[in-house]
Amino acid sequence: MKNKFSVRTVVAIGIGAAVFVILGRFMVIPTGIPNTNMELTHPFVALMAAIFGPLAGGLIALIGHALKDFTTYGSAWWSWVVCSGIMGVIYGLIGKKIDIEHGIFGKKELIFFVICEAITNMAVWGIVAPTLDILVYSEPANKVYLQGIISGVVNTVVTAVVGGILMKAYASTKTKEGSLKKD
């Protein structure tokens, strides 16, 4: 069994969390709904999770989101931080089925990735995060479900487009299995 916490993975988690903070702080487009932005954090986590696995993806998103919230707002909004961690784990599980490490990310893999990430984004951000907001923070349901649905839609689109491009670009740097032949 491969060590889940190799030096390479630990470094990836640290650097990944730092990149998450930078992307989440400085590469955002407001949606018009309070505290709801379009960010490049999710496509980045999807790529990192596909490369380093579910545990690394979850920790990158969890740590990165917590640090982003602390540096932006002074405290973390834990319901959404936890949901980011869940997303990272799920992106890693999706990535295991795609296996971009062997240079394969074609139309079939892209469709699989987009369908899986869309279902996951809508479930986690449209249902789980707002429900936790109500249970943990006693937030008004109409406010948090609107934020959650908008986040789910925005994250789905940005992850499908930018995440798909990142996955394809990464896969193209890898040698396809069986493509090298001895002369």
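Good morning. Let me open with Ile86, which is partly exposed, at a relative accessible area of 34%. This residue is found in helix α4. Please bear in mind throughout that the model is predicted.

Ile86 belongs to a nonpolar surface patch of about 500 Å², together with Leu62, Ile63, Leu67, Val82, Ile127 and Val128. Which helices supply the patch? At least two residues come from each of α3, α4 and α5. The largest share, three residues, is that of α3.

I turn next to α3 itself. The helix runs over residues 54-73, 20 residues in total, and its first and last C-alpha atoms are 28 Å apart, close to the 28 Å expected at 1.5 Å a residue. Its buried residues are Pro54, Ala56, Gly57, Gly58, Ile60, Ala61, Gly64, His65, Ala66, Lys68 and Asp69. What do these buried residues pack against? Their partners are α1 (7-26), β2 (37-39), α2 (41-52) and α4 (78-98). After α3 comes Gly74, with a positive phi near 95°.

With 31 residues at 1.5 Å each, α5 should span 45 Å, and the 42 Å between its end C-alpha atoms agrees with that. Where does α5 bend? There is a bend of about 30° at Val124, and Val124 is also one of the buried residues of this helix. Others buried in α5 include Phe113, Trp125, Pro130 and the acidic residues Glu109, Glu117 and Asp133. The buried residues of α5 pack against α2, α4 and α6 (141-172).

Finally, a word on backbone geometry in two loops. Most residues other than glycine have a negative phi. Asp99, however, has a positive phi near 60°. Asp99 is found in the loop between α4 and α5. Is Asp99 buried, partly exposed or exposed? Its relative accessibility is 33%, so it counts as partly exposed.

Ser138 likewise is not a glycine, and its phi is positive, about 55°. It comes just after α5, in the loop between α5 and α6. Ser138 counts as exposed because its relative accessibility is 63%, and the cut-off for that class is over 50%.

To return to the patch: its members include Ile127 and Val128 as well as Ile86, and Ile86 is partly exposed. Thank you.

Key:
Residues numbered from 1 in each chain as written. Predicted model: local features only at pLDDT ≥ 70, side-chain atom pairs only at ≥ 80, totals over all residues. Heavy atoms only, no water. Helix = DSSP H or I, 4+ residues; strand = E, 2+ residues; numbered from the N terminus. Expected span 1.5 Å × (residues − 1). Buried < 20%, exposed > 50% of the residue type's maximum accessible area, 1.4 Å probe, protein only. Contact = heavy atoms within 4.5 Å. Bend = angle between axes of the 7 residues up to and from the residue. Patch = residues over 30% accessible without salt bridge, like charges linked within 9 Å, V, L, I, M, F, W, Y side chains within 5 Å. Areas by Shrake-Rupley, 256 points an atom, 1.4 Å probe, with all protein chains shown as cover. Salt bridge = Lys/Arg side-chain N within 4 Å of Asp/Glu carboxyl O.
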